[in-house]
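Colleague: I would like to go through this model with you. Shall we take it piece by piece?

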Amino acid sequence: MRILISNDDGYLAPGINALARALAPIAEIAVCAPDSNRSGASNSLTLEKPISVYQAENGFNYTTGTPSDCVHIALTGILSWKPDLVVSGINHGANMGEDTLYSGTVAAAMEAFLFDIPAIAFSQVERGWMELESAAKMAREIVLSVYESLSGPFLLNVNIPNLPYEKLKAPMATRLGRRHHSEGVLKTIDPFGREMFWIGPTGKTRDGGEGTDFYATQNGYVSVTPLKFEWTEEKLMDELQKVLK
């Protein structure tokens, strides 16, 4: 098996290094990740300036671009082979509910999915990197269990509680939950008296019932959510067509 690894926390982040160590014994791996933190980059591509690519001493490739840039460049310009699987992470913090729309971690996996390559995004629920090796071990087990078992290209979003491996409950297939709206922006003043704004923290959960990613992780399960790219709202097609006549 050949695996491309990326992330949005940067090539030096503990999460991607732990994931690479965990997958190296079971696959030929290559890494292409941002040179620094690109959290919240979503699916953005860099189109108005060139992207530099470097190689670290450990063999990791890193770029000046976004997570989507990294996967795109790796697939079309760096690798001499097509990956059997692309994995992203392990992210520093959860990517559940609406987080998936903003997440650079999920975006890196989605970029591979758009190339018809199976992809998995891995995140730890809490920040701080507690029990990271346990999360990496679980990530490897999920890769081994789904790679040859799922049909066709797939896109999975995995969230792993920060628990010792032996206390992690079995992976559970889940749907995305929902949060309340984010908290208000935080206003500050810079040294020159100009008003500045920080995007506020995510809101509390409003749909975290049984079957959701929130429910699973809050109860010690590893959440595995299958995602798709089709955003067309089929329910409105007939109504919209009538309005447009």
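This is a predicted model: local features need pLDDT of at least 70, side-chain atom pairs count only at pLDDT 80 or more; totals for chains, interfaces and linings use all residues.

Modeller: Residues are numbered from 1 along each chain as its sequence is written, and side-chain values use heavy atoms, with hydrogens and water left out.

Colleague: At what angle do helix H1 and helix H5 pack?

Modeller: H1 spans residues 14–23 and H5 spans residues 132–146; helices here are DSSP runs of H or I, at least four residues, and strands are runs of E, at least two, numbered from the N terminus. Their axes (lines fitted to C-alpha atoms over the stretch in contact) lie 9 Å apart, and the angle is about 50 degrees.

Colleague: Why is H1 called oblique to H5?

Modeller: Angles under 35 degrees count as roughly parallel, over 145 as roughly antiparallel and 65 to 115 as roughly perpendicular; the rest are oblique. H1 and H5 pack at about 50 degrees. Therefore H1 is oblique to H5.

Colleague: Which residues of H4 are buried?

Modeller: Buried means under 20% relative accessible area, exposed over 50%, and partly exposed in between, with a 1.4 Å probe and protein chains only. H4 is mostly covered, with 10 of its 11 residues buried. They are Gly 104, Thr 105, Val 106, Ala 107, Ala 108, Ala 109, Met 110, Glu 111, Ala 112 and Phe 113.

Colleague: What do the buried residues of H4 pack against?

Modeller: Contact means heavy atoms within 4.5 Å. Two helices are on the list, H2 and H3. The strands are S1, S5, S6 and S7.

Colleague: Is His 92 buried or exposed?

Modeller: His 92 sits in the loop between strand S5 and helix H3. Beyond its neighbours within four places in sequence, His 92 contacts Asp 9, Arg 127, Gly 128 and Trp 129. Its relative accessible area is 18%, so His 92 is buried.

Colleague: How far is the backbone nitrogen of Gly 128 from a polar atom of the His 92 side chain?

Modeller: A polar contact is a pair of N or O atoms within 3.5 Å; within protein, one must be able to donate a hydrogen and the other to accept it, and residues adjacent in sequence count only if both atoms are side-chain atoms. For this pair the distance is 2.7 Å.

Colleague: Which backbone nitrogen does the side chain of Glu 233 reach?

Modeller: Glu 233 lies in the loop between strand S13 and helix H7. At 43% relative accessibility, Glu 233 is partly exposed. At 3.1 Å, its side chain reaches the backbone nitrogen of Lys 235.

Terms used: Axes are lines fitted to C-alpha atoms, for helices over the stretch in contact, and angles run from 0 to 180 degrees between N-to-C directions.
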